[in-house]
Amino acid sequence: MTTPSLTSTRSRSSRARLRTALVPLAALSLFAAACGDDAEEETTATEAAGSDATTAPDATEAAGGDTTAAPAGDSTACGVGVTKVGVIYVGSKDDFGYNQAAYEAAQAMGEAAGVEVINAENVPETVEDAVPVMEDMISQGATVIFATSYGHFQPAVEIAAAHPDVCVVHQGQFESSLEAPLDNLGTYFSSVFEPVYLAGIAAGSVSETGTLGYVYAFPIPQTLENINAFALGAQSVNPDATVIAVATANWCDPAKQAQAAQTLLDQGADVLTQHQDCTKTVIEAAEAAGVYSVGYHYDASSLAPEGWLTGSEWAWTDLYTDIVETAVAGEFVSSPYNGDYRFGYRDVAAPFVAFKPSVFGPAVSAETQTAITAAYDAFFADADGDGVGDFSVFTGPLADRDGTVRIEDGVSPDYTALDGFFSEPWFVAGVEGSLG
Amino acid sequence: MIEAVLTGAVRGGTSIVFAGVGETIAERSGVTNLGTEGSMLCGALTAYAVGIETGSPWLGAIAGIAAGAILALLHAALVLWRGANQVATGLAITFLGIGATSLFGQDYVSQGVEPFTPWAIPGLSDIPLLGSVLFDHDPLTYLSFTIAPLAWWFLFRSATGLKIRAAGERPIVLSSMGIDHRPVRWLAVAIGGGLAGLGGAQLSTAFARTWSENMVAGRGFIAVALVIFAAWNPLLIVLGAYLFSGAVAFELELQARGTDVSIFLLDAIPYVVVLAVLALMSRRRTHAAPESLASVFDAAA
């Protein structure tokens, strides 16, 4: 068999065509790679179990309100007589994390409030993607919408503006950031940094290197509060403890998490924790490396029987239920939910909390557990009786790692004000890692 | 720092090596497959699911190869049999892969797989620097060390490889020898998809040890871009994949050291590196492109 020459002659024109065609193709590939996160548009809708509205007292009463007299409250209020609630999630309901916690709470809310829950998972954080999903929920009859991811805020605002009769609540951002607040819009969040602080105590107690690793997504107030609280908790028992924080610039890119975990292990971290939506990779990387792990969002202790310390878990059910019941009663406008609702352990009179510390792993000594329990109780202690717990994670004077005072002496920002202190990113002393 | 970056380059680059070598073989036959990302996702999910159901990551990896190849065969069917546009079809195949794996992967997100674990090679892994960079990895990574030389031999020294290259350069040469070039292209595309699937399997069952939607996160597209960088030479794919992944490790190292640069700029480093290299190389390298690839951009293809 003769070997044909495969690289011999070729026409100028085909070469030129290639040159002009391949470079944009390569650029397109890179663009698609960089933007790949937004490409997913898989949504599912499932009905909450036990959402039979006729057996639920609230819904029955509200449905009656439609046909007879207007229920209590402003008759133009949003969400009056809710029977269906739409909830959108940025990720999967099975992510062992943020979205699973929100999903499970939403289903429990459906049972507790006697409403049907329409779910949509994997909704991208863009107006083009999220608005149609919520519009679809409204066309199915939803009159309360929960937009549960940080980046769902702008789509939620647009939906609220377009549908004054639908209550729209957003998890994480601030309505006060808008020029014109809306009567049917609100935001809520909770001080998850408080259980993160408690987990920091566990991490600082068990660490032998004094170096703790933190994998996070983006430098936004929520993540910065958690990282700083974790460091302050660790430093409360080990003043020399340092936290190395690395960002993946993604809420869930497991392979990048694996690389970030390796970077932190190489730096000598012997406790790994994270602020990511999907949490398995970092916990398994820690377990495989024989170091400790602290969970986030969800109880993942089963993944790390040796190294699991503790974690912070969401418990949104009571809040979601209260928001829906408030809307059913036509009282959304005058409620704290029509605004920036923030609450935490220090609201000693609050009827519920939105998160809880996870179970302790075997490495956390009884002594440390006692210390953590004491710190937990301190949040709720209110000696001066003003309704606000006396202990705060972020109390002035508190300086950033460069020595600039960020929270003045005597200042102890409340939950609503706190995010404002982190609108420009900063880390406390002992936190290493890039900012900005 | 150097050790960490080099180790990170190998660890993170393995999946891209498989996918990039696979795409090189497909493109050598004259078919561009932008569905590589989708094949990687199918491989990642299938390997994870089969790994869970059977308890064997090896069976998972084999199933991952099959899944990646099957999706690539769909691409082959559309472009070779139906004459569809390769670029548009490839992108559609990727989105199909994203959607299908998101749907069928839901049940596996919360499950754990028995993963491939690192095998430190006795003796060799104790060598300073080289030991951790090269000889302390999961089995699929060791396999990836051999895949590029094997692919090079296959393409440039085997009879089948010669047919693949002929199909990519001048199908008429094959015709004159009484060989139909289309089965050759089907084969090359299937091999490419199978290797992409293996890359995906490495991500889910060896490296990240999890399944989550869209977890390939653009690595398949990086692999396609690297084929041009590598001038359709499988050996250079390895360099490109490690360059990209090393840049990721480097960026994370800079962060951990508190470099005073925005994390958004740092996160862009790997992409900027690949783009810069492509811009520098493209002028010189496109002459190495299989000639039939040009017809991808002709309406008459």
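Two strands are taken to pair if DSSP finds at least two bridges between them. Helices (H or I, at least four residues) and strands (E, at least two) are DSSP runs, numbered from the N terminus. The structure described here is a predicted model, in which local features need pLDDT of at least 70, side-chain atom pairs count only at pLDDT 80 or more, and totals for chains, interfaces and linings use all residues. Residues are numbered from 1 along each chain as its sequence is written, while chains are lettered from A and ligands numbered from 1 in the order in which they are written.

Twelve helices and 15 strands are found in chain A. Of its 436 residues, 55% are buried, a residue being called buried if 20 or more other C-beta atoms lie within 10 Å of its own, exposed if 12 or fewer, and partly exposed in between, with C-beta atoms placed from the backbone. Residues are in contact if their C-beta atoms, placed from the backbone, lie within 7 Å. Among the contacts in chain A between residues at least 6 apart in sequence, 68% join residues at least 24 apart.

Six strands of chain A make up an open sheet with parallel pairing, in the order β2-β1-β3-β4-β5-β11. The edges are held by β2 (116-120) and β11 (340-343) of chain A, each with a single partner strand, so one side of each is left without a neighbour in the sheet. On average, neighbouring strands of this sheet are turned by 20° against each other, direction ignored; axes are lines fitted to C-alpha atoms, for helices over the stretch in contact, and angles run from 0 to 180 degrees between N-to-C directions. Five bridges link β1 (residues 84-88) of chain A to β2(A) in the parallel sense, and K84(A) has E116(A) of β2(A) as its bridge partner. Helix α3 (residues 98-113) of chain A packs on this sheet, where it touches β1, β2 and β3 (144-147) of chain A, and its direction makes about 160° with that of β2(A). Helix α5 (residues 153-162) of chain A, in turn, lies across β3, β4 (167-171) and β5 (185-190) of chain A and runs at about 170° to β4(A).

A further open sheet in chain A has seven strands, mixed pairing and the order β12-β10-β9-β8-β6-β7-β15. Here β12 (355-357) and β15 (431-432) of chain A are the edge strands, each with a single partner, so one side of each lacks a neighbour in the sheet. Within chain A, β8 (residues 271-275) and β9 (residues 292-297) run parallel and are joined by two bridges, with V271(A) standing opposite Y292(A) in β9(A).

Helix packing in chain A is illustrated by α6 (residues 193-206) and α11 (residues 366-380), whose axes come within 10 Å and cross at roughly 155°. That makes α6(A) roughly antiparallel to α11(A); angles under 35 degrees count as roughly parallel, over 145 as roughly antiparallel, 65 to 115 as roughly perpendicular and the rest as oblique. The crossing of α6(A) and α11(A) is right-handed, meaning that the near helix is turned clockwise from the far one by less than a right angle (anticlockwise for left-handed). From α6(A), the contact draws on E194(A), L198(A), I201(A), A202(A) and S205(A), and from α11(A) on T368(A), A371(A), I372(A), A375(A), Y376(A) and F379(A).

Some backbone details of chain A also deserve a look. The peptide bond from G396(A) to P397(A) is cis, with omega near 0°, and P397(A) lies in the loop between α11 and β13 (398-399) of chain A. N122(A), although not a glycine, has a positive phi of about 55°; this residue belongs to the loop between β2 and α4 (127-139) of chain A and is buried, with 26 other C-beta atoms within 10 Å. A249(A) likewise is not a glycine and has a positive phi of about 55°. The loop between β7 (242-247) and α8 (254-266) of chain A holds A249(A), which counts as partly exposed with 17 C-beta neighbours inside 10 Å.

In chain B, eleven of the eleven residues of helix α10 (residues 219-229) are buried, so this helix is largely enclosed by the rest of the structure. A231(B), with a positive phi near 55°, follows α10(B). Helices α7 (residues 159-169) and α9 (residues 181-207) of chain B pack at an angle of about 110°, with their axes 9 Å apart, and are therefore roughly perpendicular to each other. In this pair, K163(B), I164(B) and A167(B) of α7(B) meet H181(B), V184(B), R185(B) and A188(B) of α9(B).

Note on methods. Contact = placed C-beta atoms within 7 Å.
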